[in-house]
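Reader: I would like a close look at a single part of this model. Please keep it brisk.

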Amino acid sequence: MIERVVVDMKCPVLLSSLTADQRVWGVAELDDKLFAVFYRSSTVAVYDSSLTQISSFTVEGLKDPSDLAVDRQTRQLYIADPHSRCVWRVAANGEECSSWSTGQVEPETLSVTSSRLLVTPYWGGKPLLLFSAEGVELS
């Protein structure tokens, strides 16, 4: 289930919610659109601000997304795919996509800051990875 909540430190208020047919594994928001990825699905669903699905697109090759992050500057979505040991970079309109390997690391969660992508490994004990927006590993 996806829920949209207005957070007030005194009393959070539920604005709307939706129930998806699949388990939601990651969400990110860009330009009043909510993007969602689902358990073992190559589909990215796009919802408007009232959580009505307005479109979807398929990322060919995406096997098992675990998280989704957005870079507001480049208008790109990043999707962690631990099964394939890679990160997908997808244009917000779904028209362009590419991926890069994370080596032996299974990416679990993503965070975008200053046009850099921080990748948290699926299992503990492995170092965090830092990539440029183009997929070049940074030290």
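With which residue does R85 form a salt bridge, and how far apart are the closest N and O atoms? Please set the pair in its surroundings.

Author: A caution to begin with: this is a predicted model. R85 forms a salt bridge with E106. The closest N and O atoms are 3.3 Å apart. R85 lies in the loop between β8 and β9, and E106 lies in the loop between β10 and β11, so the pair ties together parts that are 21 residues apart in sequence. Side chains of opposite charge can pair when their charged atoms come close.

How open are the two partners? R85 is partly exposed, with a relative accessible area of 31%. E106 also counts as partly exposed, at 22% relative accessibility. The cut-off for buried is under 20%, so E106 at 22% does not count as buried.

β8 and β9 form a hairpin with 4 residues between the strands. In that hairpin, R85 takes a positive phi near 50 degrees. The strands themselves are β8, residues 76–81, and β9, residues 86–91. They run antiparallel and are joined by 6 bridges. Within this pairing, Y78 stands opposite R89 in β9.

β9 deserves a longer look. Of its 6 residues, 6 are buried, so the strand is largely enclosed by the rest of the structure. In a regular strand the side chains alternate between the two faces of the sheet. Here both faces are covered. C86, W88 and V90 are buried on one side. V87, R89 and A91 are buried on the other.

On to the next strand. β10 spans residues 97–101 and runs antiparallel to β9, with 5 bridges between them. R89 has a partner here too: its bridge partner in β10 is S98.

A91 is found in β9. Its relative accessible area is 9%, so A91 is buried. Leaving out residues up to four places away in sequence, A91 touches F57, R75, Q76 and E96. Take R75 from that list. The C-alpha atoms of A91 and R75 are separated by 6.5 Å, although the residues are 16 apart along the chain.

The structure holds 2 salt bridges. In one of them, the side chains of D31 and R75 meet at 2.2 Å, N to O. This pair links distant parts of the chain, 44 residues apart. D31 sits in the loop between β3 and β4, and R75 in the loop between β7 and β8. R75 is partly exposed, with a relative accessible area of 40%.

β11 covers residues 107–113. It belongs to an open, antiparallel sheet of 4 strands, in the order β11-β12-β13-β14. β11 and β14 stand at the edges with a single partner strand each, so one side of each is left without a neighbour in the sheet. The partner pairing of β11 with β12, residues 116–121, is antiparallel and runs over 6 bridges. P107 stands opposite P121 in β12.

The side chain of S66 reaches the backbone oxygen of P107 at 3.3 Å. S66 lies in the loop between β6 and β7. At 14% relative accessibility, S66 counts as buried. Setting aside neighbours within four places in sequence, S66 is in contact with W25, A80, P82, P107 and E108.

Finally, the wider setting. The chain has 14 strands and 0 helices. Of its 139 residues, 40% count as buried. Among contacts with a separation of 6 or more, 30% join residues 24 or more positions apart. The chain exposes about 8000 Å², and carbon and sulfur atoms supply 48% of that area.

Methods: Residues are numbered from 1 along each chain as its sequence is written. This is a predicted model: local features need pLDDT of at least 70, side-chain atom pairs count only at pLDDT 80 or more; totals for chains, interfaces and linings use all residues. Side-chain values use heavy atoms; hydrogens and water are left out. Helices (H or I, at least four residues) and strands (E, at least two) are DSSP runs, numbered from the N terminus. Buried means under 20% relative accessible area, exposed over 50%, partly exposed in between (1.4 Å probe, protein chains only). Contact means heavy atoms within 4.5 Å. Accessible areas come from the Shrake-Rupley method with a 1.4 Å probe; for residues, only the protein chains shown count as cover. Two strands pair if DSSP finds at least two bridges between them. A salt bridge is a side-chain nitrogen of Lys or Arg within 4 Å of a carboxyl oxygen of Asp or Glu. A polar contact is a pair of N or O atoms within 3.5 Å; within protein, one must be able to donate a hydrogen and the other to accept it, and residues adjacent in sequence count only if both atoms are side-chain atoms.
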